[in-house]
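Keep the 3D view open as you read.

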Amino acid sequence: MSPATGAPTLRGAAVGRGIGIGLMYGLFKPRVLGAWRVPASGPVILAVNHSHNVDGPMLMGTAPRPVHFLIKKEAFVGPLDPFLRGIGQLKVDRTTADRTAITHALGVLEDGGVLGIFPEGTRGEGDFASLRAGLAYFAVRSGAPIVPVAVLGSTERRGRLISALPPLRSRVDVVFGDAFEAGDRSGRRTRKALDEATLRIQGRLTGHLEQARRLTGRAE
């Protein structure tokens, strides 16, 4: 976090990535597929399904580049507040148009960084069935490509020692999809344009999730 502006820094996100690598590979057995699909440089948005609290840290530890996640403000409590800020994560108030969070998220993309978003807005089934408009807004406004990411296996079983986590040393699959553009290249940012972009995004994300389930043998 920049002391002057409160904006997230790449250095902080890089530290967060190092912590994520240590924790996730230490506690679990991540299997990462398609990481090469994430552009090596330039702005990019990682759109991740969300069914477990471990999904964010898992992606931070397995993505090929440091990630700045938009995280609900409720997670920034006690010592977690300065910690999350220090590792480049973004606090967002989901109940309103959080101007500070929007500015910082767009700043990440303008600086050529990686923005992580749970487009469903909250933890749920993790099936991309209901998307909020935020992802479309950031993608259309910035022009950054979206890379869909499926995190699979985090909710299949509960750990015996810590029931809130998957079993220790269990396999969690992280599958990166092909990058795509959300906008129609018209430059429009109207409500209709964002609604249309959201539908396009949902189609790509659900398609990737289905493919990832088949690829990993987790198809329902």
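## Helices H4 and H5

In this predicted model, helix H4 (residues 99-110) and helix H5 (residues 134-142) have axes that come within 11 Å and cross at roughly 45°. H4 and H5 are therefore oblique to each other, and the crossing in which H4 passes H5 is right-handed.

## Helices H1 and H2

Two packed helices are described by the angle between their axes and the distance between the axes. For H1 and H2, the angle is about 110° and the axes lie 7 Å apart. H1 is therefore roughly perpendicular to H2, as the range for that label runs from 65 to 115 degrees.

Which residues bring this pair together? From H1 come Gly16, Arg17, Gly20, Ile21, Met24 and Tyr25, and they meet Pro57, Met58, Met60, Gly61 and Thr62 of H2. The contact of H1 with H2 divides into six nonpolar, four polar and one charged residues.

## How H2 is covered

Is helix H2 (residues 55-62) mostly covered or mostly uncovered? Mostly covered: seven of its eight residues are buried. Those buried residues of H2 are Asp55, Gly56, Met58, Leu59, Met60, Gly61 and Thr62.

The cover over the buried residues of H2 includes helix H1 (10-27). Strands contribute too, among them S1 (29-33), S2 (44-48) and S3 (68-72). Strand S6 (146-152) and strand S7 (171-176) are also included in the cover.

## The protein as a whole

Stepping back, the protein has six helices and seven strands. Following the sequence, these elements come in the pattern α-β-β-α-β-α-β-α-β-α-β-β-α.

Of the 220 residues in the protein, 48% are buried. The accessible surface comes to about 11100 Å², and carbon and sulfur atoms account for 53% of that surface. How far apart in sequence are the residues that touch? Among contacts between residues at least 6 apart in sequence, 74% join residues at least 24 apart.

Methods:
Residues numbered from 1 in each chain as written. Predicted model: local features only at pLDDT ≥ 70, side-chain atom pairs only at ≥ 80, totals over all residues. Heavy atoms only, no water. Axes fitted to C-alpha atoms, helices over the stretch in contact; angles between N-to-C directions. Helix = DSSP H or I, 4+ residues; strand = E, 2+ residues; numbered from the N terminus. Parallel < 35°, antiparallel > 145°, perpendicular 65-115°, else oblique. Left-handed = near helix turned anticlockwise from the far one by under 90°. Buried < 20%, exposed > 50% of the residue type's maximum accessible area, 1.4 Å probe, protein only. Contact = heavy atoms within 4.5 Å. Areas by Shrake-Rupley, 256 points an atom, 1.4 Å probe, with all protein chains shown as cover. Nonpolar A, V, L, I, M, F, W, Y, C, P; charged D, E, K, R; others polar.
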